Every structure is written in structure tokens, then in C-alpha cells.
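Thank you all for coming; I would like to walk you through one structure this morning, taking the pieces in turn. Please keep the sequence and the picture open while I talk.

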Amino acid sequence: MSESLGVAVLGAGHMGADHVRRLARSVVGAHVVTVADPDRARAGAAVAGLGDVRVHADPLAALAEPGVGAVLVASPDHAHEEALLAALDRGLPVLSEKPLAHDAAAALRVVRAEARGGRRLIQVGFMRRYDTEYRRLKALLDAGGIGRPLLLHCRHRNVASPPHFTSATLISSSVSHEIDAARWLLGQEVTAVTVVRPRASASAPAGLQDPQLVLFETDAGAIVDVEVFVNCGFGYEVTCEAVGESGSARIGEEPAMVVRSAGRAQREIPRDYVVRFADAYDREVRAWVADAREGRVGGPSAWDGYAAAAVAEAGVRALNDGGRVEVDLAERPGLYR
Ligand SMILES: NC(=O)C1=CN([C@@H]2O[C@H](COP(=O)(O)OP(=O)(O)OC[C@H]3O[C@@H](n4cnc5c(N)ncnc54)[C@H](O)[C@@H]3O)[C@@H](O)[C@H]2O)C=CC1
Ligand SMILES: O=C1[C@@H](O)[C@H](O)[C@@H](O)[C@H](O)[C@H]1O
């Protein structure tokens with residue numbers, strides 16, 4: 001096995017800081033060389049106590065640091081494309097937080113740039129593929145354990161949305177996870193999207209369509225419904241029930257701890273994704289590091305990121321214009337077949 005992988009982390013916000021901590025404390029075979037964030041103080045705070053880690057305001061300067069052998073992109077969605085193209089130019093393996101890019105056209109530019117280079121370098125951070133429960137569900141479906149899958153019922157609830165969230169972001173950012181999970185679990189493409197708009201919650205910021213009910217149709221005739229509710233107030237809940245021809249299976253409701261006291265039983269609910277998916281992020285980053293050290297790239301590909309973006313774009317059109325919108329998917333380059 002090669003020497004320790006030197007990683008540049010771009011973005012030191014909620015996810016970036018969490019990944020810096022993970023790389024430094026929970027992942028063998030990698031170390032953080034540099035962290036870039038236009039907010040240098042934030043980058044500095046993320047690396048406090050980690051020794052000789054250089055801090056930059058400019059992500060491109062970070063990529064040029066000696067010792068950088070791989071890149072972890074955790075900047076805002078709109079900054080992913082520039083970072084990914086720069087990493088591809090340098091031939092560096094990348095783990096990019098989802099979504100791959102801020103829209104489908106940008107995601108396709110990234111796919112085409114990678115395909116031109118002729119080798120996979122990008123893994124997209126759809127961490128649910130590394131979650132124990134999702135993996136068990138995938139194994140069950142693959143083994144035909146509930147027969148041919150007909151339906152997925154998904155719930156995706158956050159306590160509160162970040163200030164930059166628009167009604168479209170519920171789909172392009174939050175539901176992007178269900179899009180990838182559905183494609184991966186079912187091994188099918190999503191072909192059309194419909195969005196149903198219930199009355200907006202009074203707890204949501206003014207003008208935000210929250211919750212939404214997002215329906216996908218797949219090329220094999222399955223239907224996926226997603227309740228996305230990002231200002232539910234009470235906790236972070238991600239659940240999925242698969243219904244097949246001979247059974248059903250549900251994940252995401254495993255109790256963390258049940259407290260029985262004073263005539264009540266209370267189940268803890270995680271407060272956010274960093275808690276709910278902590279193990280999945282660990283597994284994801286460990287797998288990425290192990291692959292990169294062997295000169296490989298695995299996990300969700302740039303094509304998966306593009307496909308999710310194309311479905312999300314159809315979803316946003318369905319949200320804005322109403323009705324059923326078909327997904328417009330570009331031709332898949334040979335690299336991803
Ligand atoms: N996989 C998952 O479950 C999650 C993924 N995400 C994704 O992670 C990414 C980051 O999200 P958060 O950490 O929640 O956002 P955040 O807002 O907490 O942090 C983003 C950071 O990036 C910095 N930044 C801005 N422009 C930059 C640039 N060009 N280069 C480098 N840094 C830049 C900002 O100053 C900020 O510190 C997003 O793409 C988001 O969609 C976010 C939450 C969970
Ligand atoms: O990716 C994520 C965030 O960007 C998004 O804002 C949340 O809704 C998701 O639950 C989380 O996993």
C-alpha cells in the first residue's frame with residue numbers, strides 16, 4: 001500500500017469541518033494537507049490542533065500545495081463545478097459532496113470533462129450507499145427477498161432549513177439523496193417526476209414550499225414517493241419502505257435508545273445528518289481513501305451525480321410549472337457503462 005494520502009479539503013463549514021475531523025481522527029492512511037475557505041477564520045478553526053495544516057482563502061491555491069494527492073469538496077453546491085474541473089485538470093481523485101454540481105448542465109460538463117480524461121476520478125458523496133440499513137435493504141432487494149419491487153415510500157425530514165434554502169433546494173439538495181438511493185436500490189432510472197404541494201408549514205420561512213411530496217416513475221414501472229419536510233422542527237428522520245410483490249421492508253426507524261420512565265417510553269431522534277449518518281460518512285471516506293491509495297475510484301460516480309441532477313431538474317420544473325415532467329437524460333459516456 002502507498003504512503004499516506006494528502007488531502008485538500010475545500011470548504012470548512014458544517015460538512016467540511018466534519019470531514020476534516022474525520023480524516024484526522026477516524027481514517028487510517030490519509031492526512032489533511034490544507035483546508036481552503038474564503039472565510040479563513042473558519043478554515044483555521046477546522047484545523048485547530050491538527051499541527052501543520054495550511055489554510056487558504058482560495059481553493060485553487062490549496063490544490064497547488066505540495067503534498068496534495070486528493071481533494072474533498074465540501075464547498076457550497078455552486079462552487080463544486082470549478083473545484084471539480086480544477087481537480088480533474090490536475091488528475092487528482094475527488095470525493096465531492098452531493099450534489100455533483102448546482103444544476104444538470106454543470107453536472108454534465110463535469111461528466112464530459114472526466115470522460116475526456118478517460119478515467120474515473122470523481123466519487124459523489126451520496127453517503128446513504130454506505131449506511132448499514134440502506135445496504136441491508138439493497139442486499140434484500142438484490143436477493144429478491146420481497147419479490148419484484150413496486151414502490152418505495154420515503155420520508156426525509158430535517159429540523160430546520162438553512163437560510164439559503166429555496167423551494168427548489170428541497171429537491172436539488174435534500175431529495176437528491178432519495179433520487180440516488182432509488183436509482184441504486186432499484187437499479188432503475190427515474191423517467192418522470194410529479195410534485196404535489198401541500199399547504200406550507202407555518203414553521204417554514206415565508207415563501208418556502210415546505211413540505212413537498214415528490215413522486216418518481218422509473219423505467220421499470222416502479223413508483224417512489226418522497227415526503228420532504230425540512231422544517232419539521234422535531235428531529236432528523238430519513239426512512240424508506242420498499243414494497244415488493246411478496247413482501248415489504250422498512251429502514252430508518254431503528255431506535256437509538258428508548259427511555260422508559262414515568263409511564264412513558266420515549267425514543268431518541270437524531271438532530272441532524274451528521275448524527276444519523278455518522279457511520280455512513282466514516283465508511284464512505286474510508287472507502288474513498290483506500291481506493292485512492294490503490295489508484296482506484298469507487299462508489300457513486302460523476303454519472304450518478306449527473307443523473308441525480310437531471311432528475312432534480314425535472315422535479316424543480318414539476319414544482320414550478322405543475323404536472324408531470326419527463327427526465328431528460330443525456331447519452332451515457334462509455335466510461336460509465
Ligand atoms: N452528504 C450530506 O449529507 C450533506 C452534504 N452537504 C453538502 O456539503 C456541501 C457543504 O455544505 P455545508 O457544509 O452544509 O455548508 P456550509 O455553508 O456550512 O459550509 C460551506 C463552506 O464553504 C465555504 N465556501 C464558500 N465558497 C467556497 C469556495 N469556492 N471554495 C471553498 N469553500 C467555499 C463557505 O465559506 C463555508 O464555510 C454542500 O454541497 C451541501 O450540499 C451538506 C450537508 C449534508
Ligand atoms: O445533504 C444534506 C443537506 O445538504 C440537506 O440540506 C439535507 O436536507 C439532507 O438531509 C442532508 O443529508
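What follows is a short tour of strands, helices, a ligand shell and a few backbone details.

Before anything else, please keep in mind that this is a predicted model, and that every value I quote is computed from it.

Let me begin with strand E4, which covers residues 70-73. Ala70 and Leu72 point one way from this strand, while Val71 and Val73 point the other way, and all of them are buried. Strand E4 has a partner in strand E1, residues 5-10, and the two pair in the parallel sense over four bridges; here Leu10 is the residue that stands opposite Val73. There is also a pairing between E4 and strand E5, residues 94-96, again in the parallel sense, over three bridges, and in E5 the bridge partner of Val73 is Ser96.

Next, the ligand. Which residues come nearest to ligand 1? Of the 24 residues around it, the nearest are Gly11, Gly13, Met15, Ala79 and Glu97. The element that gives the most to this shell is helix H1, residues 14-25, with three residues. Sorted by class, the shell around ligand 1 has eleven nonpolar, seven polar and six charged residues.

I turn now to a pair of helices, H4 at residues 80-89 and H5 at residues 104-117, which pack at an angle of about 5° with their axes 10 Å apart. Angles under 35 degrees count as roughly parallel, and H4 and H5 are therefore roughly parallel to each other. On the H4 side the contact is made by Glu81, Leu84, Leu85 and Leu88, and on the H5 side by Ala106, Arg109, Val110, Ala113, Glu114 and Gly117. By class, that contact of H4 with H5 has six nonpolar, one polar and three charged residues.

The chain also has an open sheet of seven strands, with mixed pairing, in the order E12-E11-E7-E10-E9-E8-E15. Its edge strands are E12, residues 247-251, and E15, residues 324-326, each of which pairs on one side only, and the twist averages 15° from one strand to the next. Within this sheet, strand E9 at residues 212-218 and strand E10 at residues 223-229 run antiparallel and are joined by six bridges, with Leu215 standing opposite Asp225 in E10.

Helices pack against these strands as well. Helix H10, residues 302-321, packs on the sheet and touches E8, E9 and E15, its direction making about 30° with that of E8. Helix H7, residues 167-186, lies across E7, E8, E9, E10 and E11, and runs at about 150° to E7. Helix H7 has a further neighbour in helix H6, residues 132-142: the axes of the two come within 9 Å and cross at roughly 35°. Tyr134, Leu137, Lys138 and Leu141 of H6 make this contact together with Ala181, Trp184 and Leu185 of H7, and by class it has six nonpolar, no polar and one charged residues.

I would also like to pick out one residue of helix H9, namely Val289, the helix itself covering residues 278-293. Is Val289 buried or exposed? Because 20 or more C-beta neighbours within 10 Å make a residue buried, and Val289 has 22 of them, it counts as buried. Setting aside residues up to four places away in sequence, Val289 touches Leu5, Val27, Gly29 and Ala30.

Finally, some backbone details. Most residues other than glycine have a negative phi, and most peptide bonds are trans. Against that background, a cis peptide bond joins Lys98 and Pro99, with omega about -15°, and Pro99 sits in the loop between E5 and H5. Another cis peptide bond joins Asp210 and Pro211, with omega about 10°, and Pro211 belongs to the loop between E8 and E9. Ala262, although not a glycine, has a positive phi of about 50°; this residue lies in the loop between strand E13, residues 258-261, and strand E14, residues 264-267. Ala262 counts as exposed, because it has 6 C-beta neighbours inside 10 Å.

Terms used. Residues are numbered from 1 along each chain as its sequence is written. Chains are lettered from A and ligands numbered from 1 in the order in which they are written. This is a predicted model: local features need pLDDT of at least 70, side-chain atom pairs count only at pLDDT 80 or more; totals for chains, interfaces and linings use all residues. Axes are lines fitted to C-alpha atoms, for helices over the stretch in contact, and angles run from 0 to 180 degrees between N-to-C directions. Angles under 35 degrees count as roughly parallel, over 145 as roughly antiparallel, 65 to 115 as roughly perpendicular and the rest as oblique. Two residues are in contact if their C-beta atoms, placed from the backbone, lie within 7 Å. Ala, Val, Leu, Ile, Met, Phe, Trp, Tyr, Cys and Pro count as nonpolar, Asp, Glu, Lys and Arg as charged, and the others, Gly among them, as polar. A residue is near a molecule or strand if its C-beta atom, placed from the backbone, lies within 6 Å of it. A residue is buried if 20 or more other C-beta atoms lie within 10 Å of its own, exposed if 12 or fewer, and partly exposed in between; C-beta atoms are placed from the backbone. Two strands pair if DSSP finds at least two bridges between them.
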